Amino acid sequence: MNSPREWWAWGAGATAVLGLALLPLWLQNDYVLSLLISVLMYSVLATAWALFSGPTRYISLATVAFFGVGAYTTAVLGEVLPWAGVLAVALLLGVVMALLVGLATLRLSGVYFVIFSFGLAELTKQLVTWYEVNITKEIGRYVFVDITQQHIYWQLLGLLALVLALRALIQRTRLGLALRVIGEDETVAVHVGINTTVVKVVLFAASSAFITVTGAVMAPRWTYIDPSIAFAPVISFQTLIMALLGGPAALLGPLLGAAPLVLLFEFLSASFPNHFSILLGLVFMVIVYLVPNGLVSLLRRKGGRP
Amino acid sequence: MNFLDVLLAGATLGGLYGLVAMGLTLQYGVARIMNLSYGEFLIAPAFLTYVLVSQFGLSPLWVLVLAIPLGFAVQWLVYQLLLTPLVRRTGAGPALEVDSILATFGLLFVVQGAMLVVFGGNYYSYEYLSVPIHVLGSTVAANRLLVLVVAVLVGGGLYALLTRTRMGTVVRAVSVAPRFAQLVGINVRQTSALAFGMGGALVAVSGVLVSMFLPFSASMGTMFAMKALIVVIMGGVGNLMGCLMAGLLLGFAETLVASFVDPGLTLAVNFGLFLLVLLFRPTGLFGKAAR
């Protein structure tokens with residue numbers, strides 16, 4: 001941290017987090033709090049998604065595979081372990097799963113990776129369903145954990161601060177440089193001596209760990225989960241479109257996309273529950289056609305600063 | 001279930017998968033568009049058949065004939081209206097792959113949502129040719145045999161079209177070397193649209209066939225698209241015969257697991273196979289090189 005501008009940026013970030021942390025104490029409205037929780041959840045998911053996909057440009061649809069595993073960790077261990085233990089197990093599971101998947105598959109690129117990651121989410125869902133049906137003989141689980149909405153809010157805020165700080169730090173290091181080269185041209189990256197597989201696997205594991213813990217934190221909010229709730233594909237799709245709308249390469253890009261889209265989707269699903277799928281698709285297409293490089297790029301063009 | 005039953009069930013299911021995947025391999029292999037909304041354009045004709053058969057008393061076989069030009073027209077239009085702008089914007093470079101995935105993704109939700117609004121989430125089916133036929137001591141429904149026959153006929157016909165005609169040569173040229181095809185006077189974009197439309201005709205035909213013997217619902221499209229993708233990759237992108245073989249292989253694997261292990265694990269088998277192929281033979285079991 002050399003320049004004064006950077007100090008200001010870190011200071012502003014810390015102040016913003018502190019301000020947001022105090023918000024629920026002053027705010028005594030459950031509906032607004034639950035909206036804020038949704039915004040925070042998708043902010044963490046989209047930023048964590050962009051941690052890996054922003055620089056590498058790999059489109060991952062596996063978000064919900066990790067999210068669901070996190071949610072199930074809470075459902076299974078919530079009564080057995082203290083809360084910190086649950087989160088630690090979720091973190092560990094996320095990392096292990098990401099390492100296995102990453103080592104095996106990050107040599108795939110482009111469309112193969114997209115399809116693979118989508119398949120991974122479906123496969124995880126099928127396996128959990130199969131396990132529940134055949135071994136526990138029950139398809140759903142109740143989540144008994146003593147966690148209030150405010151606690152969920154603070155924990156998500158903490159996760160968001162962590163993942164943003166991590167992204168900011170990575171951009172300053174050699175890892176960040178390596179990532180940018182991979183994103184520009186993977187062949188070049190290999191030729192200048194970057195071990196692309198290691199870089200990608202490390203990033204994928206970090207990104208997945210955040211997503212898994214988010215799933216664990218969010219589980220108490222449902223009180224009841226089954227595979228179709230915990231592994232709902234729409235979570236992957238919404239995360240993806242939010243990050244893309246904002247601009248996954250920029251630090252605050254995913255936040256810029258998450259906040260308005262969470263509110264929009266909330267409004268759409270409340271007002272047009274039957275047509276939600278159509279509207280979601282249309283939003284997707286509008287973003288792909290009209291904002292191909294994210295809102296951040298539009299702002300930059302207007303502001304004239306790189 | 002004896003061995004012959006499994007063989008027959010596997011062959012009919014596999015024939016269908018092969019047929020479904022052939023359209024996708026044309027679309028992806030030639031037009032280089034990974035069409036994620038593919039499965040929705042299979043379910044939509046299935047619903048159309050349901051309506052025409054149950055409301056207007058039409059024979060599904062007539063709908064099958066109707067599906068060919070209709071399916072072609074719909075996907076040709078999708079290419080011209082929705083995908084051409086993306087091809088222009090990206091200059092058919094690597095960004096096209098990502099952009100087309102995202103755009104067809106949106107289309108998936110729109111079409112699926114529309115079907116959900118009209119038909120709801122229930123399963124639909126109607127009665128057609130479900131008479132049992134005895135083959136060497138085993139019984140199989142006539143409509144299932146019909147599927148296998150159509151898959152082989154259409155697959156064979158398409159193979160002949162692509163290998164024996166001038167148009168087929170043009171399509172294969174674009175598939176193998178899009179940049180050089182241009183140099184010998186081939187209109188790459190029109191050929192891509194043509195191949196995309198042909199894929200549409202194939203998927204519409206498979207949709208009509210599916211409606212004859214399987215109960216279907218508005219949200220089943222993604223499942224078919226995933227299976228088609230698995231088959232396409234297993235068979236080697238753009239390889240029609242590979243498609244049919246891989247489709248049959250998947251059909252057998254699924255039937256074997258469903259009848260001898262656990263019907264709940266068929267999807268897991270699908271993805272397991274898919275992963276294995278991706279990891280060990282990313283160019284496909286039957287492909288020399290994908291590109």
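B:Val205 is found in helix α8 (residues 188-213) of chain B, where helices are DSSP runs of H or I with at least four residues, strands are runs of E with at least two, and both are numbered from the N terminus. In this predicted model, local features need pLDDT of at least 70 and side-chain atom pairs count only at pLDDT 80 or more, whereas totals for chains, interfaces and linings use all residues. Residues are numbered from 1 along each chain as its sequence is written, chains are lettered from A and ligands numbered from 1 in the order in which they are written, and side-chain values use heavy atoms, with hydrogens and water left out.

With a relative accessible area of 7%, B:Val205 is buried; buried means under 20% relative accessible area, exposed over 50%, and partly exposed in between, with a 1.4 Å probe and protein chains only. Leaving aside neighbours within four places in sequence, B:Val205 is in contact with B:Leu19, B:Leu64, B:Ala67, B:Ile68 and B:Val150, contact meaning heavy atoms within 4.5 Å. B:Gln190 and B:Trp76 are 114 residues apart in sequence, and their C-alpha atoms are 9.7 Å apart in space.

**Helix pairs in chain B**

Two packed helices are described by the angle between their axes and the distance between the axes. Here the axes are lines fitted to C-alpha atoms, for helices over the stretch in contact, and the angles run from 0 to 180 degrees between N-to-C directions.

| Helix pair | Angle | Axis distance |
|---|---|---|
| α2(B) (residues 40-56) and α4(B) (residues 94-119) | roughly 25° | within 10 Å |
| α1(B) (residues 3-31) and α10(B) (residues 240-260) | about 140° | 6 Å |
| α5(B) (residues 142-164) and α6(B) (residues 166-176) | about 85° | 5 Å |

Angles under 35 degrees count as roughly parallel, over 145 as roughly antiparallel, 65 to 115 as roughly perpendicular and the rest as oblique.

The axes of α5(B) and α6(B) are 5 Å apart at an angle of about 85°, and α5(B) is therefore roughly perpendicular to α6(B). This contact is made by B:Leu161, B:Leu162, B:Thr163 and B:Arg164 of α5(B) together with B:Arg166, B:Met167, B:Gly168, B:Thr169, B:Val171 and B:Arg172 of α6(B). By class, the residues of the contact divide into four nonpolar, three polar and three charged, where Ala, Val, Leu, Ile, Met, Phe, Trp, Tyr, Cys and Pro count as nonpolar, Asp, Glu, Lys and Arg as charged, and the others, Gly among them, as polar.

Helices α2(B) and α4(B) are roughly parallel to each other, and their crossing is left-handed; a crossing is left-handed if the near helix is turned anticlockwise from the far one by less than a right angle, and right-handed if clockwise. On the α2(B) side the contact includes B:Glu40, B:Phe41 and B:Phe47, which are among the residues that meet a group in α4(B) including B:Leu107, B:Gln112 and B:Phe119. This contact has 10 nonpolar, one polar and one charged residues.

For α1(B) and α10(B), packed at about 140° with axes 6 Å apart, the arrangement is oblique, and α1(B) passes α10(B) in a right-handed crossing. Their contact comprises 16 nonpolar, nine polar and one charged residues. Helix α1 of chain B contains B:Thr25, which is buried at a relative accessible area of 1%. Not counting residues up to four places away in sequence, B:Thr25 touches B:Val30, B:Val232, B:Gly236, B:Val237, B:Gly238, B:Asn239, B:Leu240 and B:Cys243.

**Core and loops**

The largest nonpolar core has 194 residues, and those with the most contacts inside it are A:Leu156, A:Leu240, A:Phe265 and B:Leu209; such a core is a set of buried Ala, Val, Leu, Ile, Met, Phe, Trp, Tyr and Cys residues joined through side-chain atoms within 4.5 Å. Residues up to four places away in sequence aside, A:Phe265 touches A:Gln238, A:Ile241, A:Met242, A:Phe276, A:Leu280 and A:Val283.

A:Thr223 has a positive phi of about 60° although it is not a glycine; A:Thr223 is found in the loop between α9 (196-218) and β2 (224-225) of chain A and is partly exposed at 46% relative accessibility. B:Arg32, likewise not a glycine, has a positive phi of about 60°. The place of B:Arg32 is in the loop between α1 and α2 of chain B, and B:Arg32 is partly exposed, with a relative accessible area of 23%.
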